[in-house]
Amino acid sequence: MRWHRGLSLSFRLRLLVAAAVVLAVLVVTSIDTATRLFSLRQTLAQRLVTLATVVGENAAVPLKSTNRDAALYVLRTLHADPNVRAAALYDATNTVLAALKFDGAAASADSSALIPDAEPIRFTGLSRADIQIPVMQGGARIGTIFVDAT
């Protein structure tokens with residue numbers, strides 16, 4: 001490649017500076033985009049934690065009385081959020097009381113998805129999160145609500 005031999009030194013330096021500026025802009029833009037995506041992911045996950053907490057509070061009575069139909073009715077409200085793929089309600093012994101899968105999700109409702117004393121949000125990929133919220137009544141944990149979301 002000898003195309004640059006006929007160019008003046010000042011022109012070659014200008015090209016070098018322009019290329020460095022373009023590269024710097026690309027790097028900064030990429031970092032900014034990645035930061036915004038991860039921030040959005042965290043914000044959406046926090047919104048799902050709030051939703052799961054409210055649904056868990058509504059599920060306390062069906063959970064305490066082991067009413068599966070009422071628990072399924074409460075879990076169906078999670079389908080209002082298009083990011084929710086599946087949801088399950090576990091009793092205090094981590095036995096499934098009710099589980100639903102939305103839109104053909106392949107998530108399982110066994111207790112292996114639960115991690116004792118885990119953080120509420122567990123990211124399982126760039127676009128998937130598992131939400132695990134304890135269901136409380138009278139200050140005691142009576143169960144757990146689990147949400148699989150994208």
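Analyst: Let us begin with a pairing in the sheet: strand 4 and strand 5 pair in the antiparallel sense over nine bridges. Helices (H or I, at least four residues) and strands (E, at least two) are DSSP runs, numbered from the N terminus. This is a predicted model, in which local features need pLDDT of at least 70 and side-chain atom pairs count only at pLDDT 80 or more, while totals for chains, interfaces and linings use all residues. Residues are numbered from 1 along each chain as its sequence is written, and side-chain values use heavy atoms, with hydrogens and water left out.

User: Why are strand 4 and strand 5 called a pair?

Analyst: Two strands pair if DSSP finds at least two bridges between them, and strand 4 and strand 5 have nine bridges, so they count as paired. Within this pairing, Q137 stands opposite A140 in strand 5.

User: What order do the strands of the open sheet have, and which are the edge strands?

Analyst: The five strands of the open sheet have the order 2-1-5-4-3, with antiparallel pairing. Strand 2 and strand 3 are the edge strands, because each pairs on one side only. From one strand to the next the twist averages 15°, where axes are lines fitted to C-alpha atoms, for helices over the stretch in contact, and angles run from 0 to 180 degrees between N-to-C directions.

User: Which strands does helix 1 lie across?

Analyst: Helix 1 lies across strand 1, strand 3, strand 4 and strand 5, and runs at about 30° to strand 4. Helix 3 packs on the sheet as well, touching strand 1, strand 2 and strand 5, and its direction makes about 40° with that of strand 2; contact here means heavy atoms within 4.5 Å.

User: How do you know that the span of helix 1 is close to the expected one?

Analyst: The expected span of a helix is 1.5 Å times one less than its number of residues. Helix 1 (residues 9–58) has 50 residues, and from its first C-alpha to its last it reaches 74 Å, close to the 74 Å expected.

User: Why is D130 called buried?

Analyst: Buried means under 20% relative accessible area, exposed over 50%, and partly exposed in between (1.4 Å probe, protein chains only). D130, found in strand 4, has a relative accessible area of 10%, and therefore counts as buried. Leaving aside neighbours within four places in sequence, D130 is in contact with residues including P120, F146 and D148.

User: What makes a group of residues a nonpolar core, and which members touch the most others?

Analyst: A nonpolar core is a set of buried Ala, Val, Leu, Ile, Met, Phe, Trp, Tyr and Cys residues joined through side-chain atoms within 4.5 Å. The largest such core has 29 residues, of which L75, L78, L89, I131, V135, I145 and V147 touch the most other members. Its largest share, five residues, comes from helix 1.
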